[in-house]
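Biologist: I have not worked with this structure before. Could you take me through it, one residue at a time?
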Amino acid sequence: MRRDSSPTKFARTALVSLKYALLLLVLQFVLACSSGRGTNLKISPAEIDALTPILTDLRLSYDLTFSLKMQMKVIIEEKGKSEEIREVLWYKKSDTNGDLLHIQTMGVFNEPRIIAIAARGKFLLYFVNEQEAILESLEDSVLRAIFGIDLRISDVRNAIFANPFLDGRLDFISLSKSSRKLLVKRQGEETGYTEEITILLQEANPTIRQWIITDQNGTKIQETKFSDYRSVGGILRPFQVEIARPVDQTRVLLKSIKPEINTDISDQKFSFSFLPENTKFGNIRSGKIE
C-alpha cells in the first residue's frame, strides 16, 4: 500500500490533521505515566520544594480522568494554505487493557473517513473508503514513519492532558518566577534540546500555558499554547490548543467541542475487529509506508 504516493486532497489534509491531533489528543496511552526517569536536578532543594506541589496539582487532571470523549475542530495552516477537519476522540483507562485511544477524522457528511486506534500495544491507521490499513506496534519509530515528523508517544500523552511533565523527566535546569507565572527550563528528549514550560499559578489550579522546544542552536522546533481553560466534570481542561512548528511552516489550532469526562465507554470501541475481511494491509519498511 502506498498511502504517501498519490493521496487524495482529503487524505493529505486528514493525515496532517491526525499527526497534530495525534500530538495533541491522539495516540499514546498504552504506557502508564512514569514516576520519573531522570533525576539530574540542577535547581536548589528549596526550588524543588516549591515546584513539587505544583506538579502534583497538575497531575490531578490525568489521575482523575478515567475516560474522555469529545469532538474537535482542527484548523491546519501549512505553507500559506488553510484547511479545516473535524475529529472525534475517545479515551479510556481500562483495568484489563491499560490506556486506550480511538480517533476518527470525519467526512463532509459526518461519516468516518480515517480511523486511528492506539490500544494494547498496537497502532491502527485505517482508511475507510479505500479499505486500506496499517497495523503496527505502537512505537515512536512507527509514528515518525507514518506522519513524517519527530512525533513521540510521550509527546501525545503530555499534550492531551496539557502537561509536559507526565513523562516523568526531571532534568530541571532552572526556575524563574514573575508575578503569577513560573517558567521551568529542562533538558529535552533530544541531545542539546531545551524545553521552556510556562505555568500560570492560580489558587489551587495551576495550568500549563506554553511549552516551547528549542534545539542546540536555539532554533524553535515547536511551540504549544494551551488556553480557554474550563471545568468539565470538575476537571480543568484547555478547550483550545495551538501547535506551531516553524521549521515545517505549519500551525495547527485544535478546539474542543462538547468534551465529556468519565462517561461510560465500552472497551469494544478500541477493538480492531470492525475491519472488513477484504482490508488491504500495508507495511512500514525503512521509514516508508509501502
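Modeller: Let us begin with Lys 258, which counts as exposed because its relative accessibility is 64%. Please keep in mind that this is a predicted model.

Biologist: Which strand does Lys 258 lie in?

Modeller: Lys 258 lies in strand S13. Its phi is near 50 degrees, a positive value in a residue other than glycine.

Biologist: And what is phi for Gln 131?

Modeller: Phi of Gln 131 is near 55 degrees, again positive in a residue that is not glycine. Gln 131 is found in the loop between S5 and strand S6, the latter covering 132–137. With a relative accessibility of 28%, Gln 131 counts as partly exposed.

Biologist: Let me step back for the overall picture. How many helices and strands are there in the protein?

Modeller: The protein has four helices and 16 strands. Of its 290 residues, 52% are buried. Among contacts with a separation of 6 or more, 52% are between residues 24 or more positions apart.

Biologist: I would like to see examples of contacts across the sequence. Where does Asp 267 lie?

Modeller: Asp 267 lies in the loop between strand S13 (250–261) and strand S14 (280–282). Its relative accessibility is 22%, so Asp 267 counts as partly exposed.

Biologist: Which residues does Asp 267 touch, not counting those up to four places away in sequence?

Modeller: Asp 267 touches Lys 92, Ser 94, Thr 96, Asn 97, Leu 100 and Arg 120 on that basis. The side chains of Asp 267 and Lys 92 are joined by a polar contact of 2.8 Å. The side chain of Asp 267 also makes a polar contact with that of Asn 97, at 3.5 Å.

Biologist: How many residues apart along the chain are Asp 267 and Asn 97?

Modeller: They are 170 residues apart along the chain, while their C-alpha atoms are separated by 8.5 Å.

Biologist: What about Lys 269? Where is its place?

Modeller: Lys 269 is also in the loop between S13 and S14. At 28% relative accessibility, Lys 269 is classed as partly exposed. Setting aside neighbours within four places in sequence, Lys 269 is in contact with Trp 90, His 102 and Ile 117. Lys 269 and His 102 are 167 residues apart along the chain, with 7.3 Å between their C-alpha atoms.

Biologist: Where does the charged end of Lys 269 sit?

Modeller: The charged end of Lys 269 sits over the ring of Trp 90, 4.0 Å from the ring's centre. Another lysine placed over a ring is Lys 93, which lies over the face of Tyr 62 at 3.9 Å from the ring centre.

Biologist: Staying with rings, how many aromatic pairs does the count come to?

Modeller: The count comes to two aromatic pairs. One of them is Tyr 126 with Phe 274, an edge-to-face pair with 5.7 Å centre to centre and 70 degrees between the planes.

Biologist: What does the side chain of Asp 215 reach, then?

Modeller: The side chain of Asp 215 reaches the backbone nitrogen of Thr 219, at 2.9 Å. Asp 215 is found in the loop between strand S10 (207–214) and strand S11 (220–232). Apart from neighbours within four places in sequence, Asp 215 is in contact with Gly 192, Tyr 193 and Ile 221.

Definitions and conventions:
Residues numbered from 1 in each chain as written. Predicted model: local features only at pLDDT ≥ 70, side-chain atom pairs only at ≥ 80, totals over all residues. Heavy atoms only, no water. Helix = DSSP H or I, 4+ residues; strand = E, 2+ residues; numbered from the N terminus. Buried < 20%, exposed > 50% of the residue type's maximum accessible area, 1.4 Å probe, protein only. Contact = heavy atoms within 4.5 Å. Polar contact = N/O pair within 3.5 Å; in protein donor to acceptor, adjacent residues only side chain to side chain. Phe/Tyr/Trp six-rings, centres within 6.5 Å; stacked < 30°, edge-to-face > 60°. Lys NZ or Arg CZ within 6 Å of the ring centre and 35° of its normal.
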